[in-house]
Amino acid sequence: MKAPFPQSFQYISSTQLTQLFSRAKNLNHAAQIHAHLITGDYISSPFLFNNLLNLYSKCGHISQSLSLFSSSNSRTDFDGTKNVFTYTSLIAHLSRCNLPSKALTFFNEMRGRSISPNHFTFSAVLPSCGGAAVGRQMHSLIRKHGFESDVFVGSALVDMYAKSGEIMCAWRVFDEMPERNLVSWNSVIVGFLRNGCYIEAIDFFRILIGEDLIRPDQVSLSSVLSACANICGAAIGRQVHGIVVKNGLEYLAYVKNSLMDMYSKCGVFDDAEKLFRTIEDRDVVTWNVMMMGFVQNGSFEEACNYFWIMRREGVFPDEVSFSTVLHASAGIAALDQGCLVHNQIMKTGFSVNTCVASSLVTMYAKCGSLVDARRAFAENQERNVISWTAMISAYQQHGCADRVVEMFDEMLKAGIKPDYITFVSVLSACGHTGRVDEGFSYFNLMSESYKMNPGLEHYACMVDLLGRAGRLDEAKRFVEKMPIEPDISIWGALLGACRKHGDIDMGKEVAERLFQIEPNNPGNYVLLRNMYARGGRLEEANEVRRLMEFNRVRKEPGYSWLDVRNTTHVFKAHDRSHFMTNEIYEKLGELEELVKKRGYVAEIQYAVNDVGEYKERSLWYHSEKLALAYGLLSLPVGATIRIKKNLRTCGDCHTVMKFASEIFEREIILRDINRFHRFAGGQCSCGDYW
């Protein structure tokens, strides 16, 4: 058992001081040793001086190490203390603390003092060579000093080139190394993984396990499992799992977490759950992997449940935990759940974390509370592009196009460079408000000012923009001239525009393309069938219905739901399963009378599956109207009614919601598959342009 660190001492020899260094645990201990080195005239000893530098850094006070090192420049008794070992120690600590410019500065200072770097120095400074240009200069210097064949320097070079995105340079360095160790192999595997070369990472791992003298460790295995996860390679992942067991590494939490992550991302979630149950000492990473797995598999409610189970087991959440459970809450639009998580965030001090703050904005926005999303954004002082994009996306989802443009301009004035997703939100906002010229201006801004190549989502927004404005021929020409192959989102946007403006001929052409690309998507068949039905071409509508039956494609049933007193109530069209069915239908009858007095006329074109007089009656049994009636019956007077729907809401329901918001003086927020509609005072936030 080690003796406790002395509270005071008068005289200690250099040998005893060396022993004290190993027992020191905090900044106070380091300060006491520092004081004694000065009073005992030991500060000029290179060995003790170097130990003190290391101690300050290990205590998390790199600034004290820098202060000690810099103060020695003005004293002649320090001349002998600064040698290659001292510089190397300081450079290594600066690299670990993510202070690359300072590490390079001291490296250059060392050379300016005619102190030649050794192989340890180069290994320490290479992680700070962020850019390929600086890295190549350092590589040339390594050659000049003759350290290129050193295994540690070679491994550091591989890692440096990989982090700079120069994966082929990393491969060449590895290939030319006369001696390789496990670190060298891992550097290449991790490098391939970091640069998105997942197949290459797996192939390289296969070569590694064929080596006689080197066995994979947890870094090798976790990296290749991550590569398998990224290509959904469950079969290869299972083989790696076998290698894990063979090498006796299945007990390591890091490896188990990687296995769980791999199975989750490959869609084999049952295996991930089995592994989770075998882990006795679950840390926060283990819980995070499970929660993220549930989110990836669409089990949002389970992800929320696991968060609270984790808290009950005494495991403290980190930023990943909070971001994940907020994402899960947003996925099911569970505002109450999100508020409870926000309470935990404030209690644990994570509200200042930029990632968590951005997730809060997104959660509140997707739960329909734009006011709370604004508040969360305003309280976030350290805003980055993710924070700004979250708020811009929130305004876009809620149909506040003017605020989207204003926020985008504010972001640019704040010196924040927009990213890929920012432009998707801005272009989508332009599309939903008919701002064609502005949309093209922003689209061109991407490549002209930010050197960003537009992606499929941006092109889909532009097609949607032109289509909503009724410029269908122009939209089609835009698709045909695209430099990349259009995908389902682009053809889908054009089909939606054809439905909106009743261009059946173009709609048929576009739908047939979509049938080839995704033959099992019922939405495309339904859109074309509805177009035929509204155009009076009933035989062709029936033909589409028969085609669906032949291809065994079923239309997804529409559901609407809302939460009342911690219970979720789900409705489908013509639903009579609810325990308050009689009251709900009575309320619908009352609502029908009231809206007709205000000038409501049924939009029977949205009752495509019904005939004759029953068309109008069936409109009143749509799932969102049933949910509205129940909300009016069950929620307190004046409370906001929040309805969620799994499909796009129909125009007739949209009209009734506007009337209801004015008649009952209620705010009604309807979240459908595309966006939010906020009804208040007889108006909708979308401006009837959705």
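How many of the 5 residues of strand β3 (residues 641–645) are buried? Before I answer, please keep in mind that this is a predicted model, in which local features need pLDDT of at least 70 and side-chain atom pairs count only at pLDDT 80 or more, while totals for chains, interfaces and linings use all residues. Residues are numbered from 1 along each chain as its sequence is written, and side-chain values use heavy atoms, with hydrogens and water left out.

The answer is that 4 of the 5 residues of β3 are buried, where buried means under 20% relative accessible area with a 1.4 Å probe, protein chains only. Strands here are DSSP runs of E of at least two residues, and helices are runs of H or I of at least four, numbered from the N terminus. Strand β3 pairs with β1 (residues 559–564) in the antiparallel sense over 2 bridges, pairing requiring at least two DSSP bridges, and S560 stands opposite K645. With β4 (residues 668–671), β3 runs parallel, joined by 4 bridges, and I641 has I668 as its bridge partner.

Turning to the helices, α17 (residues 284–296) is also mostly covered, with 10 of its 13 residues buried, among them W287 and F294. Its cover includes α15, α16, α18 and α19, contact meaning heavy atoms within 4.5 Å.

Finally, α21 (residues 354–366) and α23 (residues 385–397) pack at an angle of about 5°, with axes 9 Å apart, the axes being lines fitted to C-alpha atoms over the stretch in contact, and angles running from 0 to 180 degrees between N-to-C directions. The two helices are therefore roughly parallel, a term for angles under 35 degrees.

Terms used: Angles under 35 degrees count as roughly parallel, over 145 as roughly antiparallel, 65 to 115 as roughly perpendicular and the rest as oblique. Buried means under 20% relative accessible area, exposed over 50%, partly exposed in between (1.4 Å probe, protein chains only).
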